[in-house]
Amino acid sequence: MSFRREAHVPRGGPDGGDGGKGGDAVLRADRNVASLLAFRDHPHRRAASGAHGAGKRRKGAVGDDLIVTVPEGTVVKTRDGAVVADLVSHGDSYVGAQGGRGGRGNARFLSNARRAPSFAEQGEYGEEEWFRLELRLMADAALVGFPNSGKSTLISAVSAARPKIADYPFTTLEPHLGVVRAQDHEFVLADIPGLVEGAAEGRGLGHRFLRHVERARVLVLLLDLARIDDDAETPAEQERVLLAELGRYRPELLERPRLVVGSKADVALHDFNGFRVSAVTHEGLDELVGTLGAMVADARAAEPEREPFVVLRPVEEGFSVARDGDGAWRVTGKTAERVVAMADLTNEEAVAYVQDRFRRMGVERALARAGAREGDMVRVGPVELEYIEGVV
């Protein structure tokens, strides 16, 4: 709030400028970000506030937007699990929380009836939101198989990825990506943690593993030719179990291009007529990589253009009047709540302005029609007002 008082300006009057809008918090997919680990220690992010207005009708600076980078393939969900954004490609953005509007300076309230307004609006609080971020792995091809079927060894043999390799179940607890370059092909291969029968129902951390397969263009079923297990010993039985689990989790996964490969060919105990590879001796790896590269190229060409996940936020108009459980009246609606939130209710002139705004908006008339009586409590946002006929 400011007034211009200069000897040579006979009609200075109010000249307080508007405050600047607060910055937005924006989630943006970035191909250079590999994980969501940064949110483990710092889950809370805040955009910059707008600056105060100043005399001579100077407007305050707008707060800088906060750009929060996340990996490609990040799904943004509410606390209740509803999907609000799917950041698939580099540059995809979602405004998670909008900054509050800057308050208007007292110069904006000048009128014929109000020649020297002694109040200004307060800045509006920005939105506060909590989101659940889930990363769905982005890969051209995914290795799917039982624990210890040789997936990690294979990806380390055909790419620069170096996953942990050990001779016990569930060595791989997190997926690993490797870039494979061969001839004219270049693609991303994912080592998916091992599946077991019942994974679709959650056995063996099944859902946690299976969700990483969803976005792979091509599936590689890796069958252990040296497996000794009563449940799924033969390659045919392993393939049956893997396809059954994929189908129970997402039936559409069975329609994806897939390649069935027998691993550990150098120590094979079972017959197998398909691709036979050995990550140790490199038997069949060149042929596998060439075939897989061609399948990935075909899948990319056949893939339709991705449409961004769009969330429409209609502008809220009007207000509604309802009764709370304790008998008080509640006025809801962003416009009405904003009028109260941005007003300095310690200033009598500002209170009179709020009453006038409500009268022109029809709030008083709506309360009267709803049955409000003299002295009733009226709540607008966090503020409680007393209803007086003719004045809210």
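A: Let's start with Tyr353, which counts as buried at 11% relative accessibility (buried is under 20% relative accessible area, exposed is over 50%, and partly exposed is in between, using a 1.4 Å probe and protein chains only). Before going on, keep in mind that this is a predicted model: local features need pLDDT of at least 70, side-chain atom pairs count only at pLDDT 80 or more, and totals for chains, interfaces and linings use all residues. Residues are numbered from 1 along each chain as its sequence is written, and side-chain values use heavy atoms, with hydrogens and water left out.

Now for the rings. A pair of aromatic rings is described by the distance of the centres and the angle of the planes. Here, rings of Phe, Tyr and Trp (its six-membered ring) pair if their centres lie within 6.5 Å, and planes under 30 degrees apart count as stacked, over 60 as edge-to-face and the rest as tilted. The structure holds four aromatic pairs. In one of them, Phe109 and Phe119 have ring centres 4.8 Å apart and planes at 40°, so that pair is tilted. Phe109 and Phe119 are 10 residues apart, and each sits in the loop between E7 and strand E8 (132-135) (helices, H or I with at least four residues, and strands, E with at least two, are DSSP runs numbered from the N terminus). Phe109 is buried, at a relative accessible area of 4%, and Phe119 is buried with a value of 4%.

Back to Tyr353: its ring and that of Phe109 have their centres 5.0 Å apart and their planes at 80°, so this pair is edge-to-face. Put together, ring pairs link Phe109, Phe119 and Tyr353 into a cluster.

Val158 belongs to helix H2 (residues 151-158) and is buried, with a relative accessibility of 18%. Leaving out residues up to four places away in sequence, Val158 touches Val179, Val180, Leu189, Leu285 and Val289 (a contact means heavy atoms within 4.5 Å). Val158 and Ala182 are 24 residues apart in sequence, and their C-alpha atoms are 9.1 Å apart in space.

The other one is Met295, in helix H5 (residues 285-302). Met295 is buried, with a relative accessible area of 18%. With residues up to four places away in sequence left out again, it touches Val218, Pro257, Arg258 and Leu259. Arg217 is 78 residues from Met295 along the chain, yet 8.9 Å separates their C-alpha atoms.

Most residues other than glycine have a negative phi. Lys56 is not a glycine, but its phi is positive at about 60°, and Arg57 has a positive phi near 60° too. Arg57 is in the loop between H1 and E4. Lys56 is exposed, with a relative accessible area of 66%, and Arg57 is exposed at 52%.

Zooming out, the protein has eight helices and 18 strands, and 43% of its 392 residues count as buried. Among contacts between residues at least 6 apart in sequence, 65% join residues at least 24 apart. The protein exposes about 21700 Å², with carbon and sulfur atoms supplying 48% of it (Shrake-Rupley areas with a 1.4 Å probe).

Last stop, the largest pocket. On a 1 Å grid over the protein atoms alone, a pocket is an open set of points where a 1.4 Å probe fits, with protein on both sides within 12 Å along at least five of seven lines, and lining residues have an atom within 4 Å of a point. The volume of the largest pocket is about 1300 Å³, meaning the space filled by probe spheres set on the points. Its lining takes in 49 residues, with Arg46, Ala47, Ser49, Gly126 and Glu127 nearest the centre. Strands E3 (25-29) and E7 (93-97) each supply at least two lining residues, and E3 gives the largest share, three residues.
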